[in-house]
Amino acid sequence: MRQSDWKSVLDAAARAALEHLEALPDRPVLPASADHEAIRSVLDRPLTREGVDAARVVGELARDLEPYITAQAGGRYFGFVVGGLHPAALGADVLVSAWDQNAPMFAGAPGVSVAEELAARWLVDLVGLPSQSSVGFVTGGQMATFTCLAAARHEVLREVGWDVEARGLPGAPPLTVVVKSGAHATVLRALRFLGLGEQAVVSVACDDQDRIRPDALQEALATIQGPTIVVVECGNVNTGAFDDFDAVADLARAHRAAGHPTWVHVDGAVMLLAAASPAMADRVKGLDRLDSWSTDGHKLLNVAYDCGIAISRNAAAHRAAMSVQAAYLEQDNAARDPLDWGPDFSRRARGVPVYATLRSLGRQGVAELVERTTHLARRFADALGGSGYARIVNDVVSNQVLVRWEAPDGDHGRLADTVMAGVRAEGTAFFTGTTYRGERLMRISVSDWATDEDDVDRAVEALLRHARLATGR
Ligand SMILES: *Cc1c(COP(=O)(O)O)cnc(C)c1O
């Protein structure tokens, strides 16, 4: 084997990584400059004929890009829904890279395959899902939803005698997909990938917290014949709200009993982990009665990007939708082969950081993560809602807050953008906006395990300072 100077490469990477992580509390959340030309000019070197020493490349990459790296794991990044970085996840991720395992099959990568299998068991157990559920580790919530909906498509068509994997959709019995109005863009995109069409859905009205209205779902189901897939949410991207899973499960059972094959998928990208917290038990009641669940490792669980998780009550349907056989593989029927549970072939051992993070947090640590982020979201809501400058639009039931900045001139949307831009430019924190029920609002997502009360208070101080500046009040 050719020898490499691993030490100098790892030293260069570790030194730069450590400097980045230790500077997180003090650096601006967004890079001071994000000028496309400037970034290009520091990186745009001639690709030389003879190449460059690896350690030097890594050292220079770190030096050149560091000014343009976002402090995503720094406790005050509240934009979109973006997790931070748990130390156990980082450590495991370094090992996953160093081990360079191609992990589709137990035969080629036995160690990491078993670690993934255990991570899957722990997670299913932690969130109280049916113990026989199958699990696939994929790149994110998007692909987790895709995987689960592929399993759903398989099963509801199989029940009417149609093998969708073999025959495809042309000529298939009609299949109806029911989503919530305002369903997450990735749900519609998954339907597009599955040949079901973004617009071929039945959209069901929600209540004022963007929870699906069970009465509206009941009405919709009454008009639907044959194979039916319903998609609900555990943690809405705007409000953080939970659908009424018991009500949805009852309606699905009745629809099934009326002779229509039915599958309910739960998009749990934001808050599937809530089911690991006894304090949230009321909110997730009935979650375990549904058929599949997608979530993210890289959001609330705080593993490094990227990691999504697809869970299916019906392992046979999951496997039928995803599995692949080939003469040149070594598939082990006794062990779990990761390629049976997701759309990838060659793949990174994404489940290993999940194993490490769950083990490090423990049951209590996971519950505390849910409860702490929810508590901090409420701290934001109380401080901003009581300030006289803002109104909280949602019931803060998990880690998401919707804020209306109240402009004296009535242009609340513009004030929200001004306040967010001011805080962003000074680097104290990072927030993003949304349009909710036609109105431009600021969103807050507390998804970083490192965020503490001091981070929230500093962000609140900055927000209110910019609101005062902008309104002159
Ligand atoms: C983030 C998110 C997704 C998509 O997850 P990715 O990991 O970004 O692919 C899906 N649904 C909801 C509700 C989300 O917040």
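This is a predicted model: local features need pLDDT of at least 70, side-chain atom pairs count only at pLDDT 80 or more; totals for chains, interfaces and linings use all residues.
## A ligand and the sheet beside it

| Residue | Ligand atom | Distance |
|---|---|---|
| H184 | nitrogen | 3.4 Å |
| D267 | nitrogen | 2.7 Å |
| D296 | oxygen | 2.6 Å |

On its own, the ligand has 380 Å² of accessible area, and the protein covers 85% of this.

Now turn to the strands. Seven of them form an open sheet with mixed pairing, in the order β1-β7-β6-β5-β4-β2-β3. Which strands stand at the edges? They are β1 (134-138) and β3 (201-204); each has a single partner strand, so one of its sides has no neighbour in the sheet. On average, neighbouring strands are turned by 20° against each other, if direction is ignored.

For a look at one pair, take β2 (residues 176-180), which runs parallel to β3 and is joined to it by four bridges. Here V179 sits opposite S203 of β3.

Helices pack on the sheet too. Helix α6 (residues 141-158) touches β1, β4 (228-233), β5 (262-267), β6 (292-296) and β7 (308-312), and its direction makes about 175° with that of β5. Helix α10 (residues 245-257) touches β4 and β5, with an angle of about 160° between its direction and that of β5.

Technical notes: Residues are numbered from 1 along each chain as its sequence is written. Side-chain values use heavy atoms; hydrogens and water are left out. Two strands pair if DSSP finds at least two bridges between them. Helices (H or I, at least four residues) and strands (E, at least two) are DSSP runs, numbered from the N terminus. Axes are lines fitted to C-alpha atoms, for helices over the stretch in contact, and angles run from 0 to 180 degrees between N-to-C directions. Contact means heavy atoms within 4.5 Å. A polar contact is a pair of N or O atoms within 3.5 Å; within protein, one must be able to donate a hydrogen and the other to accept it, and residues adjacent in sequence count only if both atoms are side-chain atoms. Accessible areas come from the Shrake-Rupley method with a 1.4 Å probe; for residues, only the protein chains shown count as cover.
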